[in-house]
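Reader: I'm new to reading protein models. Could you walk me through some features, one at a time?

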Amino acid sequence: MLQAAMPDAVFTGLLTGEALAHAYASADIFFNPSTTETFGNVTLEAMASGLATVCASATGSRSLVANGKTGLLATPGDVEAHASAIHTLVINPDLRAAMGSAGREASKRYDWERILGDLVAHYRGVLARRRTADAPTP
């Protein structure tokens with residue numbers, strides 16, 4: 001259905017390795033309207049590739065994208081807001097380049113040890129609160 005509505009668009013399907021790297025390198029803007037990303041690895045990959053991002057202001061993207069600095073965040077489900085953000089980057093190549101560069105720098109702060117360490121710390125915090133709530137009162 002989407003392909004029929006956009007006959008000039010390129011639909012690549014699943015890409016990995018060199019093909020994925022080539023796709024990122026060939027792009028000008030990364031657009032991710034997803035509201036269900038738990039971490040947003042695709043957004044981080046795009047940032048590491050130097051792309052300005054337009055993402056839904058939802059959990060996975062909001063934790064990675066600094067709105068107005070490394071990309072733009074739009075209200076989830078608001079098609080006009082997403083389109084406006086994309087338009088802003090399309091007509092402002094200097095802004096797009098600045099956000100892409102800032103995103104690349106920001107992406108360097110992430111590695112799997114840090115990411116998983118943060119996740120474990122969150123789990124430990126939840127467990128500690130649960131133990132406190134479940135502790136018998138004297």
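Reader: Which residues of α3 meet which residues of α6?

Author: L44, M47 and A48 in α3 meet G100, G103, R104, A106 and S107 in α6. Contact here means heavy atoms within 4.5 Å. Sorted by type, the residues of this contact are four nonpolar, three polar and one charged. For that sorting, Ala, Val, Leu, Ile, Met, Phe, Trp, Tyr, Cys and Pro count as nonpolar, Asp, Glu, Lys and Arg as charged, and the others, Gly among them, as polar.

Reader: What kind of model is this, and how are residues numbered?

Author: It's a predicted model, where local features need pLDDT of at least 70 and side-chain atom pairs count only at pLDDT 80 or more, while totals for chains, interfaces and linings use all residues. Numbering starts from 1 along each chain as its sequence is written, and side-chain values use heavy atoms, with hydrogens and water left out.

Reader: How do I describe two packed helices?

Author: You give the angle between their axes and the distance between the axes. Here, α3 (residues 41–48) and α6 (residues 93–107) pack at about 115 degrees, and their axes are 7 Å apart. The axes are lines fitted to C-alpha atoms, for helices over the stretch in contact, and angles run from 0 to 180 degrees between N-to-C directions. The helix and strand labels are DSSP runs, numbered from the N terminus: helices are H or I with at least four residues, strands E with at least two.

Reader: Is T43 buried or exposed?

Author: The general idea first: buried means under 20% relative accessible area, exposed over 50%, and partly exposed in between (1.4 Å probe, protein chains only). T43 sits in helix α3 and is buried, because its relative accessibility is 0%. Not counting residues up to four places away in sequence, T43 touches F30, N32, T53, C55, S61, L64 and V65.

Reader: And what about the strands? Where is A56?

Author: A56 lies in strand β2 (residues 52–56). With a relative accessible area of 0%, A56 is buried too. Residues touching A56 from beyond four places in sequence include N32, P33, L73 and H82. The C-alpha atoms of A56 and T36 are 9.7 Å apart, though 20 residues separate the two along the chain.

Now try L72, in strand β3. L72 counts as buried because its relative accessibility is 15%. Among its contacts beyond four places in sequence are T53, V54, C55 and M99. From L72 to C55 the C-alpha distance is 6.5 Å, at 17 residues apart along the chain.

Reader: Which residues does K69 contact, leaving aside its neighbours within four places in sequence?

Author: Those are A98, M99 and A102. K69 lies in the loop between α4 (59–62) and β3 (71–74), and K69 counts as exposed because its relative accessibility is 55%. K69 and A102 are 33 residues apart in sequence, yet 6.7 Å apart in space, C-alpha to C-alpha.

Reader: How many salt bridges does a search of the whole structure find?

Author: One. A salt bridge is a side-chain nitrogen of Lys or Arg within 4 Å of a carboxyl oxygen of Asp or Glu. The partners are K108 and E105, at 2.9 Å, N to O. K108 is exposed at 53%, whereas E105, at 47%, is partly exposed.

Reader: Which residues form a nonpolar patch on the surface?

Author: Patches take residues with over 30% relative accessible area and no salt bridge, joining like charges within 9 Å and nonpolar side chains (Val, Leu, Ile, Met, Phe, Trp, Tyr) within 5 Å. Here W112, L116, L119 and Y123 form one, with about 450 Å² of accessible area together. Such areas come from the Shrake-Rupley method with a 1.4 Å probe; for residues, only the protein chains shown count as cover. L116 is in helix α7 (residues 112–134) and is partly exposed, at 46%.
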